[in-house]
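This report describes the surroundings of a ligand and the salt bridges of a protein chain. The sequence and structure are shown first.

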Amino acid sequence: MADFPKNDTTRIRRLPDRGAYDKETIYQIVDEALICHVGFVQDERPFVIPTLIARDGDAILLHGASSSRMMRHIAAGESVCITTTHVDGLVLARSVFHHSVNYRSALLFGSGSLLEGKEKFAAMANFTNKLIPGRWDDARQPNKNEMKATAVVAIPIDMASAKVRVGPPGDDEEDYALDVWAGVLPIAQRFLTPQDDPRLKPGITVPNYIREYIGHE
Ligand SMILES: Cc1cc2nc3c(=O)[nH]c(=O)nc-3n(C[C@H](O)[C@H](O)[C@H](O)COP(=O)(O)OP(=O)(O)OC[C@H]3O[C@@H](n4cnc5c(N)ncnc54)[C@H](O)[C@@H]3O)c2cc1C
């Protein structure tokens with residue numbers, strides 16, 4: 001897979017060795033993310049909107065009410081900056097100064113357009129299966145009116161960068177002699193036990209594709 005260009009917009013200045021421009025690294029970060037933040041400027045005011053994210057090849061898919069500011073902005077072909085972030089651990093150094101965070105983040109730039117017809121339907125399926133693989137075929141699929149109420153946009157990624165920190169703290173050499181605990185407190189996001197809807201029909205249980213996905217019995 002090719003790299004994204006490293007240019008004046010995407011070149012990481014602070015700790016550039018943590019930067020990456022290859023699609024493999026960037027797409028892994030995007031694909032693991034449930035949500036992103038979409039930044040854009042409208043009437044000279046910046047907005048940053050949290051929303052669900054899915055990827056289709058080299059494009060980002062977003063969906064929402066056609067009337068929302070964000071969807072109208074993207075449908076008009078205006079540019080956006082999309083970020084996704086994973087916090088993997090707190091990095092506790094011996095000195096306060098060298099405390100840090102292990103993280104993986106990606107910034108993507110592009111401008112998109114509305115999807116229609118079969119492409120829109122496929123993108124809705126993509127979105128649903130991104131939440132839980134297999135859900136699209138199990139749940140009732142959207143009817144005409146529901147599809148009409150929902151806008152779906154595809155945003156080809158023009159430029160992108162990733163920044164990743166891994167590993168233990170990096171203290172000043174003389175501080176390694178201090179009697180202070182140092183290390184990493186790993187953080188993970190995980191599914192807990194499913195909770196039945198109080199209005200669930202008797203006899204319906206959590207399907208196997210959900211149990212398998214979340215790793216619960
Ligand atoms: C985890 C998560 C996932 C989401 N996924 C989706 C999605 O897939 N599709 C989708 O359309 N929306 C999603 N949303 C909601 C989204 O953030 C916006 O609220 C929505 O897209 C636009 O709402 P609007 O048209 O009412 O507001 P807009 O016209 O976009 O904004 C009007 C004003 O409402 C306020 N506002 C709007 N959204 C928020 C917010 N989230 N928090 C606080 N204030 C807000 C702001 O002050 C904003 O200026 C998600 C939100 C969260 C937190």
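R55 is partly exposed, having a relative accessible area of 23%; buried means under 20% relative accessible area, exposed over 50%, and partly exposed in between, with a 1.4 Å probe and protein chains only. The model is predicted: local features need pLDDT of at least 70, side-chain atom pairs count only at pLDDT 80 or more, and totals for chains, interfaces and linings use all residues. Residues are numbered from 1 along each chain as its sequence is written, and side-chain values use heavy atoms, with hydrogens and water left out.

D31 forms a salt bridge with R55, and their closest N and O atoms are 2.8 Å apart. The pair links distant parts of the chain, since D31 lies in helix α1 (residues 23-32) and R55 in strand β4 (residues 54-56), 24 residues apart. Helices (H or I, at least four residues) and strands (E, at least two) are DSSP runs, numbered from the N terminus. D31 is also partly exposed, at a relative accessible area of 36%.

## Other salt bridges

The structure holds 8 salt bridges, each defined as a side-chain nitrogen of Lys or Arg within 4 Å of a carboxyl oxygen of Asp or Glu. One of them joins E32 to R104, with the closest N and O atoms 3.0 Å apart. Here helix α1, which holds E32, is linked to strand β7 (residues 100-111), which holds R104, across 72 residues. R104 counts as buried, at 19% relative accessibility. A network of salt bridges links E32, D88 and R104.

R11 and D8 form another salt bridge, their closest N and O atoms being 3.7 Å apart. R11 is partly exposed at 36%, whereas D8 counts as exposed at 63% relative accessibility.

## Ligand shell

Polar contacts are pairs of N or O atoms within 3.5 Å. A backbone N or O atom of P50 lies 2.6 Å from a ligand oxygen atom, and a polar backbone atom of L52 is 3.2 Å from a ligand nitrogen atom. For H63, a backbone N or O atom lies 2.6 Å from a nitrogen atom of the ligand. On its own the ligand has 870 Å² of accessible area, of which the protein covers 47%; such areas come from the Shrake-Rupley method with a 1.4 Å probe.

Terms used. A polar contact is a pair of N or O atoms within 3.5 Å; within protein, one must be able to donate a hydrogen and the other to accept it, and residues adjacent in sequence count only if both atoms are side-chain atoms.
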